[in-house]
Amino acid sequence: MKAELNFFGKTLDMAPQRRRRTLVVLIYSAMAVLMVVLYLLTHWRGTGAYMFWAAMLACRLFLGGYYTGGLVKPFNNKGPRRYDMPPPLLLLKLRIYQPVPSSDDSAYRNDERELHQRDHAHYLAYQAIGVSVIIPMFVASMRVIRPALLAWIPMNPDEIYYGLLLIALTLFLTLPQSILLWTEPDMETSA
Amino acid sequence: MQQNNPPPGESGLYNRIAVLRAERNISRQDLADAVGVNYQTIGFLERGDYGPSLKLAFQIAAYFALPVEAIFSTEPFQPLSQQVYGTAPTSSATNQTRSTPHES
C-alpha cells in the first residue's frame, strides 16, 4: 500500500490510518448520495451503470487495486502494461491520472505480507458481498410468499432488486481495497 | 528477562531484527530492498505483528550472515551478555553503568 496519494499532481500524505478511514467514509457517502440522486432522477433506468463507472473512478483515483492509480497496489501483483505508442487519450491530453512511470514495476508488486493482507481482505469482502447478493434472493422470495411485508417500501420490487444488485456491484469493486485502507495501521517512514 | 523481551505481536515469534539493524546501522529501507519486501513489512516483522515465510526468514538470516535461530525464536531471547558471558545483567551493574558518565 502506498503512503502517499497522487491526486491531480498534488501529493497527499495518507500514512495516518485516520485519514484513510476518512477517505473511505467520504467515498461511500458520495456513492450513497449518487445512488439516491440517480434513483430520484430516473429510478436507475438507464443510469444504473453510472454506479459502475463511479466505482471504477473511485478505484482509479483513490482506492487502487486495479491499474496504476490509487493507494492499494494492483491485486494481480503485476506492473502496468506498457505500449510503444501512447494511447489516444494521452495524445488528446484527456488523461485524468499520472502517466505510467518507466521505472521497474517493483512499486506495483506486493510483498508476501501485502499478499496475505490482500487475500484476507478479499475473504472478508467475499462474505459481505455474499450477504448483499443473498438479500435480493430473500426479497424475491418474500415477494412471492408474503407480498404484504414489502408493501411499506415505496419502490416496486424490480427497483429493489436492481438497487440491491447495484450495491453488490459497488461492493464487489471497492470493498477489498476499502478493508485494506481501513485496517492498515498508521504507516511508518522509511528511515 | 521478560522485561527485556516484550511479548511478540500476532505472529507469536520473537526476533532480533531491530537489534541487528541498530547494531549494523542499517535502515529499514536498506533491509527491505535487500530482501525484496516493503519497508513497512520490516516494521511489522520487528514488532512481531507478522510472521515471515520460511523463504523470507532465510533471506533475512543470510543478509545478516547469521543462522535463522539467532534471529527468530518462539521463545524469548536471552540478553546477549548472558549468552556471551553466561551472566545475567544485575541491577547494581546496570546502576553502575548508568553512573559511570557522572563519575568521569
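This is a predicted model: local features need pLDDT of at least 70, side-chain atom pairs count only at pLDDT 80 or more; totals for chains, interfaces and linings use all residues.
I begin with the pair formed by helix α1(A), residues 17–42, and helix α2(A), residues 49–63. Their axes come within 10 Å and cross at roughly 160 degrees. Angles over 145 degrees count as roughly antiparallel, and α1(A) is therefore roughly antiparallel to α2(A). The crossing is right-handed. On the α1(A) side, the residues that meet α2(A) are A:L23, A:I27, A:M31, A:L34, A:M35 and A:L38. Their partners in α2(A) are A:Y50, A:M51, A:A54, A:A58 and A:F62. By class, this contact has 11 nonpolar residues, with no polar and no charged ones.

I turn next to helix α5(A). This helix covers residues 157–183, 27 residues in total, and its first and last C-alpha atoms are 36 Å apart, close to the expected 39 Å. There is a kink of about 50 degrees at A:T174, shortly before the proline A:P176.

How do α2(A) and α5(A) pack, and at what angle? Their axes are 9 Å apart, at an angle of about 10 degrees, which makes the two helices roughly parallel. A:T174, the site of the kink, is among the α5(A) residues that meet α2(A), as are A:L166, A:L169 and A:L173. From α2(A), the residues involved include A:M51 and A:A58, both of which also take part in the contact with α1(A). The contact of α2(A) with α5(A) comprises 11 nonpolar, four polar and no charged residues.

Finally, the contact between the chains takes eight residues from chain A and 14 residues from chain B. On the chain A side, five are charged, two nonpolar and one polar.

Key:
Residues are numbered from 1 along each chain as its sequence is written. Chains are lettered from A and ligands numbered from 1 in the order in which they are written. Two residues are in contact if their C-beta atoms, placed from the backbone, lie within 7 Å. Ala, Val, Leu, Ile, Met, Phe, Trp, Tyr, Cys and Pro count as nonpolar, Asp, Glu, Lys and Arg as charged, and the others, Gly among them, as polar. Axes are lines fitted to C-alpha atoms, for helices over the stretch in contact, and angles run from 0 to 180 degrees between N-to-C directions. Helices (H or I, at least four residues) and strands (E, at least two) are DSSP runs, numbered from the N terminus. Angles under 35 degrees count as roughly parallel, over 145 as roughly antiparallel, 65 to 115 as roughly perpendicular and the rest as oblique. A crossing is left-handed if the near helix is turned anticlockwise from the far one by less than a right angle, and right-handed if clockwise. The expected span of a helix is 1.5 Å times one less than its number of residues. The bend at a residue is the angle between axes fitted to the seven residues ending there and the seven starting there.
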